[in-house]
Amino acid sequence: MKMPFRLPRRAAAERLATAMPAGSLREPGRGSERKAQTAGLAILSGEGAAHWSGRSYAALARAGMMRNPVVYRSIRMIAEAAASVPWLAYDGEQELSAHPALTLMARPNPRMAGPDFLEALFGHLLLSGNAYVEGLSVAGPVRELHLLRPDRVSVVAGADGWPLAYDYRVGGMVRRLPALGDGERPGLLHLTLFHPLDDHGGFPPLAAAGAALDLHNAAANWNKALLDNSARPSGALVYQPKDGGNLSPDQYERLRAELESGYSGAVNAGRPLLLEGGLDWKAMGLSPKDMDFIEAKNAAARDIALAFGVPPMLIGIPGDNTFANYQEAHRAFYRLTVVPLLTRTAARFSHWFSEVYDEALTLRADLDQVPGLAAERDALWARVGAADFLSDAEKRQAVGYAPG
């Protein structure tokens, strides 16, 4: 049977130390390894330091969406839900049945359809707080829309602090794109989420839940390491020499090396531990209940979902189900998360397209096509239909249609 020797937490050694005589522990230095010896005990442990992942776009993408299922599902839910909503174009209050901007949004470039383009755009926005759209024009109007990866774009600010241009770096190549249109080509469209300390860049939601992300990932790594180590807690080797002496430094290092090479890892699971005379194994470890392990992991998952605005009920996180049922949670997800994201995105595209086409254009998300808001839409139609004091034209206007 395999017996790992590393303590999962320093607290285990400290708990043991409280039961020992004063002065029986000593730390020879400030290194990562600590050796504590008494006449009857030898503890082998590793002092682990807290590891915090970075907060850049690449770091959040790797530690978050590419490694964490809660982050992955939250971003996919928001991006797919927002990308599935059709867009409408208006000239003032008059809805336009067709417009080049709608055509571009439906097929932005030869490689992507409209939902693909918008899903990637919202993914960039949620992971980095920024999204960049480049419009390509050939002898006239904009023909294609392309997304630029946020970590490759940097702002070039002028003397007054306002952005003059954006540098897009790929490998050793750098392209400078104007912040505003110059008549021949449109300016770069930069979408951001509010950042309290940055004048130009946006703040990613996941950065606010960075500690919860690291805790959730660490919990998964701990579970994996526990399984790799035959699902057994760490412990201590008790040395009880007959002559009352301690282990020499050479004996200590040899014992540690033998345990690491012969009894650590999944390939050594179940291997019996062979001890020399005077050595005995005492299992030590904090139980999941002592560490509040499961609840800590669920709390971290709820914090991540909270940062993105996804009700925990929708992604299967237990506890904290504040909604009476799944339908209420689904409706709150659309009303509080998806619709505000669509509204701010439509406003930025409206302003950009108005400059591109030199006309007053307003884009809006067609919320009547959102299944999650069907109950609200039915209630609105019922209230308007029962309002006898309104004319038919006023009723049409109240539900979002032009007076007929």
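User: Why are H2 and H5 called roughly perpendicular to each other?

Analyst: In this predicted model, the axes of helix H2 (residues 57-65) and helix H5 (residues 114-128) cross at roughly 100° and come within 9 Å. Angles of 65 to 115 degrees count as roughly perpendicular, and H2 and H5 are therefore described as roughly perpendicular to each other.

User: How do you know that H2 meets H5, and which residues are involved?

Analyst: Contact means heavy atoms within 4.5 Å, and on that basis Tyr-57, Leu-60, Ala-61 and Met-65 in H2 meet His-124, Leu-127 and Ser-128 in H5. The residues of this contact between H2 and H5 divide into 5 nonpolar and 2 polar, with no charged residue.

User: What makes S3 and S4 a pair of strands?

Analyst: Two strands pair if there are at least two bridges between them, and strand S3 (residues 87-91) is joined to S4 by 3 bridges, the two strands running antiparallel. Across this pairing, Asp-91 stands opposite Gln-94 in S4.

User: Why are S4 and S13 said to stand at the edges of the sheet?

Analyst: The open sheet has 3 strands in the order S4-S3-S13, with antiparallel pairing. Strand S4 (94-96) and strand S13 (362-365) each have a single partner strand, so one side of each is left without a neighbour in the sheet. Neighbouring strands of this sheet are turned by 40° against each other on average, direction ignored.

Note on methods: Residues numbered from 1 in each chain as written. Predicted model: local features only at pLDDT ≥ 70, side-chain atom pairs only at ≥ 80, totals over all residues. Heavy atoms only, no water. Axes fitted to C-alpha atoms, helices over the stretch in contact; angles between N-to-C directions. Helix = DSSP H or I, 4+ residues; strand = E, 2+ residues; numbered from the N terminus. Parallel < 35°, antiparallel > 145°, perpendicular 65-115°, else oblique. Nonpolar A, V, L, I, M, F, W, Y, C, P; charged D, E, K, R; others polar.
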